[in-house]
Amino acid sequence: MNFLSFLGENLETFLTYTGFANMTVGHGVMLLVGVVFIYLAIAKEFEPMLLIPIGFGILIGNIPFKDAGLQLGIYEEGSVLNILYQGVTQGWYPPLIFLGIGAMTDFSALISNPKLMLIGAAAQFGIFGAYTLALLWGFEPNQAGAIGIIGGADGPTAIFLSSKLAPSLMGAVAISAYSYMALVPVIQPPLMRWLTTKKERVIRMKPPRVVSHTEKVIFPIVGLLLTCFLVPSGLPLLGMLFFGNLLKESGVTRRLAETARGPLIDTITILLGITVGASTQATQFLTINSLKIFGLGALSFVIATMAGVLFVKFFNLFLKKDNKINPLIGNAGVSAVPDSARISQVVGLEYDSTNYLLMHAMGPNVAGVIGSAVAAGILLGFLG
Amino acid sequence: MKQKIIFGLLLFVCTLSGVWAQRTTFLKINEVLVINKDNFQDDYGNKFPWIEIYNASPGTVDIAGCFITNDINNPRRYPIPKGDVLTKIKPRQHVLFWADNMPTRGTFHVNFTLDPDQSNYIALFDSDGHTLIDSVTVPAGQRPDISYGLLEDGWSQKRLEEKLRLNSTYKEKNGSELWVYFEQVTPSSNNKILDTNERIEKFKKNDERGVGMTITAMAVVFIGLILLFLFFKLIGNIAVSLSHERAMKASGISKEEAKGIIQTSGDIYAAIAMAIYEATELHDEENTILTIKNTARSYSPWNSKIYTLRETPIKK
């Protein structure tokens, strides 16, 4: 063998390792999806903190390569991506995210007007509506549970539950949940307008009263005890959520609270986003089931929004005239903090430019987080 | 001093809870084969009676230092040797002890055998030598190669009764005895081999459309949040009435006037504060900006001029 043919063979071998040689249509499609996510995050500012890591993760996960045992892919045991992915598969990223959420959430709106909690409960119909539809579409009950949780509009909860109930669907469930959370400004307003009258949209709610420090400290402790005694399987999420909130509200653990809502949640968000994105390798992800999950995810958001708005209308039948709730905050019960509350504010201002609903919408919004974590605990308890 | 005592107590409680998490009380005698005629062999190729121990806890438990005995009057009969990594039983896993009366053959060979003609008492004692962890009396009249074991791994009578109460078809399929005979012995593996997820199968059969799940789960979600609502409604009322009292005491005003003060929301106070700031100049520092945003001064060695090697020279 002369030197030139040796070089030629080497070059030929090298070419078989390149992405170009291993490219498939599926990889192309997924790369396009990744680019669209990044575009939506930068150009439209749809949930950029999530869509940038996930979108870029999709690009990382869909660079085609030859399976030569080089420990490159996220599904290859021992690879760097696989090690980072353990936080998702073992389910410890979501509770850490919840710790940060707890440390940054002000539950004052909910404490000052606790009846708003019930809106957060009503919006969980989205989860079980999607569960029923998934069963009709031929999914197993555990898979249907993992798909239904998309309706909880809470990414960490969706990842946590799907990693336990149906790990094979986790990529599709996570991408679907985050995509629709980003699309909340597109999905919710038409439904809110359709289900409410002009008169209802301009209802002015009483301003929330000032909540004392003691009440704020009691909330995470009692919240944990009441919800977790009822649904112990929600403990990883609810425990961390309320713990984070106590760090914030106690007033004596400022440094810990700042770490939880700052560097910690940012680090975990980066790792979670990039690994969830990278887990969508075309070979694993592009299936008919993924398409079905996307369809069901959209329906679950629609059902959750409708349930929230209709519940407020129903609830108003029993409330005194000066205590009525503006049904435009019903959509906020689906979680998706704080985007769905912001939608209530924006739509409310369209009809009365001096009616600020944001503070009121934050009540059902954070109640939705608690409600979806409780619902996830129930599904895990029944189907896990 | 007082703080040190409290800290010490907390440390003690934490240590105790850590020890409890590792406790051997979760160990269960799970399956026993008294007459091993043509069945499972040990590492030496011999067939002897065996005793299976199961770790029913969600954490690893080290069985080293515990005692296995077949004599109620001699709880310390076979001390399980320390220093063998294999004595650490992983969560929901098993270890097998050979009752061959040949302890020199290794950690898992005990110094007694089981009597094929009589009933056999087998017990597991904790490392103190007198705390009983679990015991069983294998009845006389055992048949060859048929083991005697718990219906399902690590189950107790209470767990079985709960299962029978909650699942009407369970008794029909599995019987109602805690200890049963296994024609297919399962050394070092689960007593009940599951080929399906029972819970999921149950849902598939009884709740095809998911209506039952929806009703149950939504009821639980509502109950949870209604409980929270009721509690904080109550707490809110108490907080408001306490605030009234405080306002009445501090300002000497009537209850009605106090109500007016308390019902004022936080944003009104913020607006008043802002208006005072804008309208008057009764403040000490002229440069202060009143804002609801947190002030942030980000610092990192990477952007600090003190730490950079290429500091801009200062002309003198």
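Which residue in E5(B) is the bridge partner of Ile68(B)? Select Ile68(B) and look across to E5(B): the partner is Tyr78(B). Before going further, some ground rules. You are looking at a predicted model, where local features need pLDDT of at least 70 and side-chain atom pairs count only at pLDDT 80 or more, while totals for chains, interfaces and linings use all residues. Residues are numbered from 1 along each chain as its sequence is written, and chains are lettered from A and ligands numbered from 1 in the order in which they are written.

**Stop 1**

E4(B) and E5(B) pair in the antiparallel sense over 2 bridges. Strands count as paired if DSSP finds at least two bridges between them. Now widen the selection: 4 strands make an open antiparallel sheet in the order E5-E4-E8-E9 (chain B). Strand E5 (78-79) and strand E9 (132-138) of chain B are at the edges with a single partner strand each, so one side of each has no neighbour in the sheet.

**Stop 2: the five-stranded sheet of chain B**

Next, pick out E7-E2-E1-E10-E11 (chain B), the strand order of an open sheet of 5 strands with antiparallel pairing. Its edges are strand E7 (94-98) and strand E11 (179-182) of chain B, each with a single partner strand, so one side of each is left without a neighbour in the sheet. Neighbouring strands of this sheet are turned by 30 degrees against each other on average, direction ignored; the axes behind that angle are lines fitted to C-alpha atoms, for helices over the stretch in contact, and angles run from 0 to 180 degrees between N-to-C directions.

Zoom in on strand E2 (residues 50-55) of chain B, which is joined to E7(B) by 5 bridges, running antiparallel. Two pairs to click on there: Ile51(B) has Phe97(B) as its bridge partner in E7(B), and Ile53(B) has Val95(B). Turn to strand E1 (residues 27-33) of chain B, and you'll find 6 bridges to E2(B), again antiparallel. Val32(B) is the residue opposite Ile51(B) in E2(B).

Is E2(B) enclosed or open? 6 of the 6 residues of E2(B) are buried, so the strand is largely enclosed by the rest of the structure. Buried means 20 or more other C-beta atoms within 10 Å of the residue's own, exposed means 12 or fewer, and partly exposed is in between, with C-beta atoms placed from the backbone. Show the side chains: Trp50(B), Glu52(B) and Tyr54(B) point one way from E2(B), and Ile51(B), Ile53(B) and Asn55(B) point the other way.

**Stop 3: all of chain B**

Zoom out. Chain B has 7 helices and 11 strands, and 23% of its 316 residues count as buried. Colour domain 1 (16-195) and domain 2 (213-280) of chain B separately; these bounds come from an automatic or database domain assignment. Taken over C-alpha atoms, the centres of the two domains are 59 Å apart.

**Stop 4: where chain B meets chain A**

Select the contact, which takes 31 residues from chain B and 39 residues from chain A. Residues are in contact if their C-beta atoms, placed from the backbone, lie within 7 Å. On chain B's side, helix H4 (198-206), helix H5 (211-251) and helix H7 (266-279) each give two or more residues. The largest share, 20 residues, comes from H5(B).

**Stop 5: chain A and Gly363(A)**

Switch to chain A, with 21 helices and 0 strands. The radius of gyration of chain A, taken over C-alpha atoms, is 23 Å, close to the 21 Å that the globule rule (2.2 Å times the number of residues to the power 0.38) gives for 384 residues, so chain A is as compact as a globular protein of that length. Its C-alpha trace spans about 95 × 45 × 40 Å along the principal axes. Of the 384 residues, 55% count as buried.

Last, centre on Gly363(A) in helix H21 (residues 358-383) of chain A. Gly363(A) is buried, with 29 other C-beta atoms within 10 Å. Leaving out residues up to four places away in sequence, Gly363(A) touches Ala109(A), Leu110(A), Asn113(A) and Leu116(A). Gly363(A) and Ala109(A) are 254 residues apart along the chain, yet 5.0 Å separates their C-alpha atoms.

Conventions
Two residues are in contact if their C-beta atoms, placed from the backbone, lie within 7 Å.
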